[in-house]
Amino acid sequence: MPALADQLHREAALPSDGTVTSEDGAIVLLRHGFQASEGPMGNPHQLRLGLALAGGGNLYQRTTAGVLQAPWHPGQFNVVLPGDRGHYASPAVELLGMAIDTAQWRDAPGGFPDIHALSLRLHRDPVIASVLHALWSSAQADASVPGFLQCGAEVVVRRLAQLAGQPPARPRMAAPLSSRQLRQLQDFIDEHRSQSLDVAALADVLGMEPTTFSRALRAATGMPPYAYLTQRRMHWAQYALSKGQRVTEVALACGYANPSKFAAAFQRMVGCTPSIWAAQGTGRQDAIRRTDVDPASASRGRRNR
């Protein structure tokens, strides 16, 4: 289990189905009912945001930023900033929350935004609430595409910066990966498709920093790294299934110990279940081979349907 999710489980004894974790483990979405409690709070690298859904009462937080003491009503959220250590006393409350390891923003333009003005009061914002509810609903319906949680977290952070009165950071223009680099990346993914790969491993293949690599890949394909990784694995899975390999074998070969999770990812990417795809026979093999000529062609094909 990723470190951030594991920490949240230890702190709150969360049920296993109470959290949704990003592919790299840096973002955790949770829904949980907390009893009234008090104790130490804060982490040097984590942003935590909690939207009250039910319950509530007086919330007290004393941190390095100051003191927050206010009635906490459903629809309001609090923000605990990275490095804000201190003490809290919370009422019983049901929360929909997000925890973010802010280290992923260290190479972003301007770094992590200065939102300290938000930590000493409670907030009510329809954008934040809508994003959290949409992320949770999509995850529960198994309708989230790879990278969806990461994109949602970016929206949340940008919105918090707006609420704090920070001007939006100007995005850096990234040169797209070349065809040669994309082919090199594809070959690496195909060779290691059964292994657990992260952004750093993919970037290292091309001798690039993870943040620079992510921007260059998105500029070339329109996809973040984990979405591209999943698409490539599912591309290989289509070919393997069309040759008659069993679904369980293909799932394991693509790095999925759980065939049902493989089937869900395959259906999101391809539009049908692995069994239905396999039942179509071998007539699709040539079409699959042709997409190898252009690494982004499969993605463009889906977008143009």
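A cavity is a set of points, on a 1 Å grid over the protein atoms alone, where a 1.4 Å probe fits but cannot get out, and its lining residues have an atom within 4 Å of a point. The model is predicted, with local features needing pLDDT of at least 70, side-chain atom pairs counting only at pLDDT 80 or more, and totals for chains, interfaces and linings using all residues. Residues are numbered from 1 along each chain as its sequence is written, and side-chain values use heavy atoms, with hydrogens and water left out.

**Cavity**
- The second largest cavity is lined by Met41, Gln61, Thr63, Leu68, Val79, Val80, Asp84 and Ser119.

**Sheet**
- Five strands form an open sheet in the order E1-E2-E9-E4-E7 with antiparallel pairing, two strands being paired if DSSP finds at least two bridges between them.
- Strand E1 (19-21) and strand E7 (77-80) stand at the edges with a single partner strand each, so one side of each is left without a neighbour in the sheet.
- Eight bridges join the antiparallel strands E2 (residues 27-34) and E9 (residues 93-101), and Leu29 has Met98 as its bridge partner in E9.

**Helices**
- Helix H2 (residues 126-140) lies across E1, E2, strand E4 (46-55), E7 and E9, in contact meaning heavy atoms within 4.5 Å.
- Helix H3 (residues 148-163) also lies across E1, E2, E4, E7 and E9.

Note on methods. Helix = DSSP H or I, 4+ residues; strand = E, 2+ residues; numbered from the N terminus. Axes fitted to C-alpha atoms, helices over the stretch in contact; angles between N-to-C directions. 1 Å grid on protein atoms, 1.4 Å probe; cavity = no way out; pocket = protein on both sides within 12 Å on 5 of 7 lines; lining within 4 Å.
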